[in-house]
Amino acid sequence: MGDLLVGIDRARGAVGAQITAGLRDAVRTGRLAPGDRLPSSRALATDLGVSRGMVVEAYEQLVAEGYLTSRHGSGTRVADIPESRAPGGPDEPRDANDISVLPYDLKPGTSDMSAFPRAAWLAATRHALATVPHSRLSYGDPGGVPELRTALAAYLGRVRAANAAPDRIVVVGGVAQGIALMVQALAARGHTLLAVEDPSSATQRGLLRSNGLPIVGVPVDAEGIDVAALARTGARAVLVTPAHQYPTGVVLSPERRAQLTGWARDVDGLIVEDDYDAEFRYDRDPVGCLQGLDPDRVVHLGSTSKALAPGMRLGWAVVPHTWLEQVRELKQYADLGSAVINQFAFVQLLESGGYDRHLRAMRLRYRGRRDAVADAFAEFLPKAQVNGIRAGLHLYVELPPGSREDAVVAAAAARGVRVEPVGPMREPGPDAPPALVLGYASLGEDRLREAVSRLADACREASGD
């Protein structure tokens with residue numbers, strides 16, 4: 001394609017958002033047809049008199065939304081849009097209750113799928129296919145291929161200060177499978193209760209309950225889980241997110257870390273550490289993992305879900321020796337072991353430095369987006385309080401006093417913005433301050449700013465201001 005008309009009104013500001021909206025509208029109205037090739041980002045930026053970065057971000061956003069496709073060698077093209085998405089415009093969702101059509105999706109815990117390192121992963125997969133002997137493609141060790149366990153031990157020791165010998169690592173299908181295996185192991189050993197942070201992921205609590213072990217919530221404050229309250233529950237196992245608690249965003253303090261590992265020794269218990277968001281700390285170097293403090297009492301769980309993509313279903317568990325054979329056996333019964341080619345490809349990505357390079361690039365991108373959201377709240381809704389450290393892919397926002405979460409969520413949806421209330425993430429108990437948890441990884445900075453502006457309007461409407 002040669003020239004492409006995209007209208008921009010510089011007096012309105014948010015030029016990047018205007019470019020994205022203009023291109024989206026051109027696709028939705030049929031002005032750009034499926035298969036049409038768009039100008040290069042450099043050419044369109046020159047035509048519009050804007051920075052190339054604005055056009056790149058617009059293209060990336062529309063790829064993430066499914067309006068465009070980007071393939072090496074064929075440029076950026078219009079995707080095949082299902083007819084169900086054709087009516088209406090980006091500012092007029094067909095049904096505010098159908099969150100799948102909202103153009104400003106701030107669902108937490110979602111990474112930027114458009115940033116998946118396709119070229120690096122393709123090269124790593126090709127290397128695996130070219131070098132792995134045929135015999136290694138059969139059923140192997142249920143704990144994972146030795147090469148990956150060795151590479152992970154080195155990586156986790158270097159980056160997370162883990163005490164992770166290769167023979168203590170079990171490769172799993174993401175953190176969810178790691179948690180499921182540990183719950184089954186706990187139940188088999190006679191545990192009748194699992195403590196969890198309160199608030200915590202509603203999806204994760206559902207996973208725990210589906211595996212048959214009752215749970216009890218333990219309050220989280222500015223220093224992390226309340227260990228004294230944990231001790232009063234009678235549980236001897238606990239699931240925690242010490243690197244970046246979900247959803248409050250706090251880090252487990254050094255004092256609480258010592259108290260928690262002390263509790264585990266006192267009750268002959270087990271700590272299951274979900275190393276959630278540990279790769280993404282923007283204000284300082286990440287704190288080392290909890291497992292490094294007491295490898296005999298802590299199971300360390302991690303994955304590539306946030307760093308690469310959740311659909312890869314690739315993760316790891318660093319397991320104490322006294323639990324190792326049981327977990328390996330449960331993994332064997334679960335699926336006979338994780339996909340071999342993906343394991344060998346990940347070895348290559350780790351050992352080549354490609355994984356580190358990708359993480360460095362994503363930290364820069366996500367830090368800018370987090371700062372954009374925080375700055376927008378300060379401007380548009382200063383009565384709201386943004387909590388938690390500068391890290392991860394989500395923000396915990398306490399709403400102005402008197403707000404109702406359900407009313408704000410509904411008013412935001414009517415304006416095309418998806419947000420998640422914190423209420424369903426809490427165990428039943430005393431009322432807590434109304435709050436939302438927002439994801440920011442998949443939208444560009446201009447669109448995030450617009451989303452917060454709309455959310456601020458929704459808060460004012462919901463409160464009657």
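Which residues touch the most other members of the largest nonpolar core? Select Phe346, Tyr355, Phe377 and Leu455: among the 66 residues of that core, these touch the most other members. The model on screen is a predicted one.

**The cores**

Stay with tyrosine 355 and show what surrounds it. Leaving out residues up to four places away in sequence, tyrosine 355 touches Tyr155, Ser303, Thr304, Ala307, Leu308, Phe346, Leu349 and Leu350. One of these, Phe346, is also in the list of core residues that touch the most other members. Next, select Val196, Leu213, Trp323 and Leu324, which belong to a second, separate core of 26 residues.

**Helices H1 and H3**

Select residues 15-28 for helix H1 and residues 52-65 for helix H3; the two pack at an angle of about 45°, and their axes are 9 Å apart. An angle between 35 and 65 degrees counts as oblique, and H1 and H3 are therefore oblique to each other. Their crossing is right-handed. To see the contact, show Val15, Gly16, Ile19, Thr20, Leu23 and Arg24 on H1, then Met54, Ala58, Tyr59, Gln61, Leu62 and Glu65 on H3. By type, the residues of this contact are 7 nonpolar, 3 polar and 2 charged.

**Glycine 73**

Move on to glycine 73, in the loop between strand S1 (68-71) and strand S2 (75-78). Its relative accessibility is 73%, so glycine 73 counts as exposed.

Select helix H5, residues 146-160, and pick out arginine 160. Is this residue buried or exposed? Arginine 160 is buried, with a relative accessible area of 5%. Apart from neighbours within four places in sequence, arginine 160 is in contact with Tyr155, Ala243, Asp275, Ala278, Pro286, Val287, Gly288 and Cys289.

Now select alanine 161, in the loop between H5 and strand S4 (169-172). Alanine 161 is not a glycine, yet has a positive phi of about 55°. With a relative accessibility of 48%, it counts as partly exposed.

Another positive phi is found at aspartate 277, near 65°, again in a residue other than glycine. Aspartate 277 sits in the loop between strand S9 (270-274) and strand S10 (298-303). At 4% relative accessibility, aspartate 277 counts as buried.

**Helices H6 and H7**

Select residues 174-188 for helix H6 and residues 202-210 for helix H7. Their axes come within 9 Å and cross at roughly 35°. The crossing of H6 and H7 is right-handed. Show Ala176, Ile179 and Val183 on H6 with Gln204, Leu207 and Leu208 on H7, the residues that make the contact. Of these, 5 are nonpolar, 1 is polar and none is charged.

**Two cis prolines**

Go to proline 199, in the loop between strand S5 (194-198) and H7. The peptide bond that joins aspartate 198 to proline 199 is cis, and its omega is near 10°.

Where is proline 247? Look in the loop between strand S8 (237-240) and helix H9 (254-266). The peptide bond from tyrosine 246 to proline 247 is cis, with omega near 10°.

Terms used
Residues are numbered from 1 along each chain as its sequence is written. This is a predicted model: local features need pLDDT of at least 70, side-chain atom pairs count only at pLDDT 80 or more; totals for chains, interfaces and linings use all residues. Side-chain values use heavy atoms; hydrogens and water are left out. Axes are lines fitted to C-alpha atoms, for helices over the stretch in contact, and angles run from 0 to 180 degrees between N-to-C directions. Helices (H or I, at least four residues) and strands (E, at least two) are DSSP runs, numbered from the N terminus. Angles under 35 degrees count as roughly parallel, over 145 as roughly antiparallel, 65 to 115 as roughly perpendicular and the rest as oblique. A crossing is left-handed if the near helix is turned anticlockwise from the far one by less than a right angle, and right-handed if clockwise. Contact means heavy atoms within 4.5 Å. Ala, Val, Leu, Ile, Met, Phe, Trp, Tyr, Cys and Pro count as nonpolar, Asp, Glu, Lys and Arg as charged, and the others, Gly among them, as polar. Buried means under 20% relative accessible area, exposed over 50%, partly exposed in between (1.4 Å probe, protein chains only). A nonpolar core is a set of buried Ala, Val, Leu, Ile, Met, Phe, Trp, Tyr and Cys residues joined through side-chain atoms within 4.5 Å.
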